[in-house]
Amino acid sequence: MTVTGVFRSDPNTAEINAKITKADTDHTIAYTQYQIKASEDKAFFVSKLWPSISSGATADLTIINPAGSGKTIHIMTTKMSTTDQAWIRYVIDPTLQGGTQIQPVPFRVGSTATSVAQVIIDVTSYSGGTVAGEEVIPGGSGNKAVGGMDEGLVAFVIPPGHSVLFEVVNKSSNANQISIRVDWWEE
């Protein structure tokens, strides 16, 4: 009897392989759909780097779909990176105070397409809204700082008149580099 024969007939292995195949197929379909949207000038991204966020301070980026825009924003991926430990929070429909608007970039190089999204960074404060999720990016302090990245298929769908705030809080004792990137398509 060979070891290979035992694993092939194990029903748990077949079940695990089916789940892996489904996950890979779902990601491939979503990625292919995103490539199509990019070629149709419907895909955009924003990316912002904060080179020095002090301990306890935050970096934030909000995607707003204005009321009456006539389009829905489909967030495909988010990526939040730090050089040290941080907490992440997703807040749906907060009320923002202050901030700076930045322009989304179309994915197709050479495109003059414009996004309906308003993107606000560095809000003075926000209130209300619904916390949709909280996560941690592990890391240490001082010479044990390792930092990390949170990246995933968050898949928020933002209809007109709604928004999502992405907040990264520096939880280390050092100043921290933080970046936030959000990719989406709209139609």
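How many aromatic pairs does the structure hold? The structure holds five, where the rings of Phe, Tyr and Trp (its six-membered ring) are taken to pair if their centres lie within 6.5 Å. The model is a predicted one, in which local features need pLDDT of at least 70 and side-chain atom pairs count only at pLDDT 80 or more, while totals for chains, interfaces and linings use all residues. Residues are numbered from 1 along each chain as its sequence is written, and side-chain values use heavy atoms, with hydrogens and water left out.

**View 1. Overview of the protein chain.** The secondary structure comes to two helices and 14 strands, these being DSSP runs numbered from the N terminus (helices H or I with at least four residues, strands E with at least two). Of the 187 residues, 34% count as buried, a word that stands for under 20% relative accessible area, with exposed meaning over 50% and partly exposed the range in between (1.4 Å probe, protein chains only). The accessible surface of the chain comes to about 10200 Å², and 55% of that surface belongs to carbon and sulfur atoms; such areas come from the Shrake-Rupley method with a 1.4 Å probe. Among contacts between residues at least 6 apart in sequence, 87% join residues at least 24 apart, a contact being heavy atoms within 4.5 Å.

**View 2. Strand β4 and its two antiparallel pairings.** Strand β4 (residues 86–92) runs antiparallel to strand β10 (residues 130–137), to which seven bridges join it, and within β10 the bridge partner of Ile88 is Glu135. With strand β13 (residues 162–170), β4 pairs in the antiparallel sense, again over seven bridges, and here Trp87 stands opposite Val169. Two strands are said to pair if DSSP finds at least two bridges between them.

View 3. Ring pairs link Tyr90, Phe156 and Phe166 into a cluster. At Trp87, the charged end of Lys171 sits over the ring, 4.0 Å from its centre, and at Trp50 the charged end of Lys48 sits over the ring at 5.8 Å from its centre. A charge is counted as sitting over a ring if NZ of Lys or CZ of Arg is within 6 Å of the ring centre and within 35 degrees of the ring normal.

**View 4. Lys37 and Ala38 in helix α2.** Lys37 has its place in helix α2, and Ala38 lies in this helix, which spans residues 11–39. Ala38 counts as buried because its relative accessible area is 13%, and Lys37 likewise counts as buried, at 10% relative accessibility. Not counting residues up to four places away in sequence, Ala38 touches Ala43, Phe107 and Arg108; the C-alpha atoms of Ala38 and Arg108 are separated by 5.8 Å, although the two residues are 70 apart along the chain. With neighbours within four places in sequence left aside, Lys37 is in contact with Lys42, Ala43, Trp185 and Glu187.

View 5. Asp41 is found in the loop between α2 and β1 (43–53) and has a positive phi of about 60 degrees although it is not a glycine. Asp41 is partly exposed, with a relative accessible area of 25%. Asp93 lies in the loop between β4 and β5 (95–97), and its phi is near 55 degrees, a positive value in a residue other than glycine. Asp93 is partly exposed, with a relative accessible area of 30%.

Conventions. Phe/Tyr/Trp six-rings, centres within 6.5 Å; stacked < 30°, edge-to-face > 60°.
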